[in-house]
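Here is a short briefing on one protein chain. Please keep the sequence and the 3D view open while reading.

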Amino acid sequence: MILLDTRIWVWWLTDPDHLQLKHRELLEHGTDQVFGVSIISCWEVAKLVEYGRLKLDRAVGLWIESALAEPGMLLLHLYPQMVVESTQLPQPFHRDPADQLLVASARVLDCQLMTEDSKILSYPHVRLA
């Protein structure tokens with residue numbers, strides 16, 4: 001499984017040309033691959049819509065529902081171990097709680113994280129796709 005960060009998930013479904021070629025190819029051709037989407041990404045999408053920073057082609061709840069129904073997508077819940085891990089990440093790591101939870105989830109699940117976030121890309125304590 002590869003955990004998708006929020007930006008990757010949204011871009012994949014709304015504007016795949018915005019993705020780096022290596023990520024787009026993995027998403028397009030990884031037919032035997034499972035792509036995890038954290039519940040925190042659902043929250044982030046809803047917040048981006050609330051703040052007017054993301055426009056979707058339908059109501060946010062319907063968009064999330066259909067986005068999670070895409071082939072190969074798996075909704076990942078947060079568990080106490082992930083929440084605790086997010087507060088104990090090897091430092092330095094930035095203070096964005098959503099990013100902390102995504103990185104902690106990837107570490108707890110021992111999976112790769114697909115991101116184009118420069119702060120996460122430079123963090124040596126998470127495996128990247």
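Rings of Phe, Tyr and Trp, with the six-membered ring used for Trp, count as a pair if their centres lie within 6.5 Å. Planes over 60 degrees apart make such a pair edge-to-face. In this predicted model, a search of the whole structure finds two aromatic pairs.

**Aromatic pairs**

- Trp-9 and Trp-63 have ring centres 5.1 Å apart and planes at 65°, so this pair is edge-to-face.
- The pair links distant parts of the chain, with Trp-9 in helix α1 and Trp-63 in helix α4, 54 residues apart.
- Trp-9 and Trp-63 are both buried.
- Phe-93 and Tyr-123 have ring centres 4.5 Å apart, and their planes stand at 70°, so this pair is edge-to-face too.
- Phe-93 sits in the loop between α5 and α6, and Tyr-123 in the segment after α7 (118-121), so the pair ties together parts that are 30 residues apart in sequence.
- Burial applies to both Phe-93 and Tyr-123.

**Helix α4**

- Which residues of α4 are buried? In this helix (residues 60-68), they are Trp-63, Ile-64 and Ala-67.
- Seen down the axis of α4, the buried residues fall within an arc of 95°, so they line one face of the helix.
- An α-helix has 3.6 residues a turn, so residues three or four places apart point the same way.
- Leu-62 and Glu-65 are exposed, on the other side of α4.
- What do the buried residues of α4 pack against? Their partners are α1 (6-14), α3 (39-50) and β3 (73-76).

**Largest pocket**

- The largest pocket holds about 500 Å³ of space.
- Its lining has 20 residues, and Thr-6, Arg-7, Glu-44, Leu-48 and Arg-53 lie nearest the centre.
- Helices α1, α3 and α6 (97-109) each supply at least two residues of this lining.
- How does the lining divide by class? There are nine nonpolar, two polar and nine charged residues.

**Backbone**

- Most residues other than glycine have a negative phi, and most peptide bonds are trans.
- The peptide bond joining Gln-91 and Pro-92 is cis, with omega about 5°.
- Pro-92 lies in the loop between α5 (80-86) and α6.
- Asp-110, a residue other than glycine, has a positive phi near 55°.
- The loop between α6 and β4 (112-114) holds Asp-110.
- Is Asp-110 buried or exposed? Exposed means over 50% relative accessible area. Asp-110 has 56%, so Asp-110 is exposed.

- Not counting residues up to four places away in sequence, His-77 touches Ile-39 and Met-82.
- Leaving aside neighbours within four places in sequence, Leu-78 is in contact with Ser-38, Ile-39, Leu-101 and Ser-105.
- His-77 and Ser-105 are 28 residues apart in sequence, with C-alpha atoms 9.2 Å apart in space.
- Leu-78 and Gln-100 are 22 residues apart in sequence, and 12 Å separates their C-alpha atoms.
- Pro-80 is found in helix α5. At 64% relative accessibility, Pro-80 counts as exposed.
- Pro-80 and Asp-5 are 75 residues apart along the chain, and their C-alpha atoms are separated by 20 Å.

**Trp-11**

- Helix α1 also contains Trp-11.
- Buried means under 20% relative accessible area. Trp-11, at 18% relative accessibility, therefore counts as buried.
- Leaving aside neighbours within four places in sequence, Trp-11 is in contact with Pro-16, His-18, Leu-19 and Glu-116.
- Trp-11 and Gln-112 are 101 residues apart in sequence and 18 Å apart in space, C-alpha to C-alpha.

Terms used. Residues numbered from 1 in each chain as written. Predicted model: local features only at pLDDT ≥ 70, side-chain atom pairs only at ≥ 80, totals over all residues. Heavy atoms only, no water. Buried < 20%, exposed > 50% of the residue type's maximum accessible area, 1.4 Å probe, protein only. Helix = DSSP H or I, 4+ residues; strand = E, 2+ residues; numbered from the N terminus. Arc of directions from axis to C-beta. Contact = heavy atoms within 4.5 Å. 1 Å grid on protein atoms, 1.4 Å probe; cavity = no way out; pocket = protein on both sides within 12 Å on 5 of 7 lines; lining within 4 Å. Points joined across faces, edges and corners; volume = space filled by probe spheres on them. Nonpolar A, V, L, I, M, F, W, Y, C, P; charged D, E, K, R; others polar. Phe/Tyr/Trp six-rings, centres within 6.5 Å; stacked < 30°, edge-to-face > 60°.
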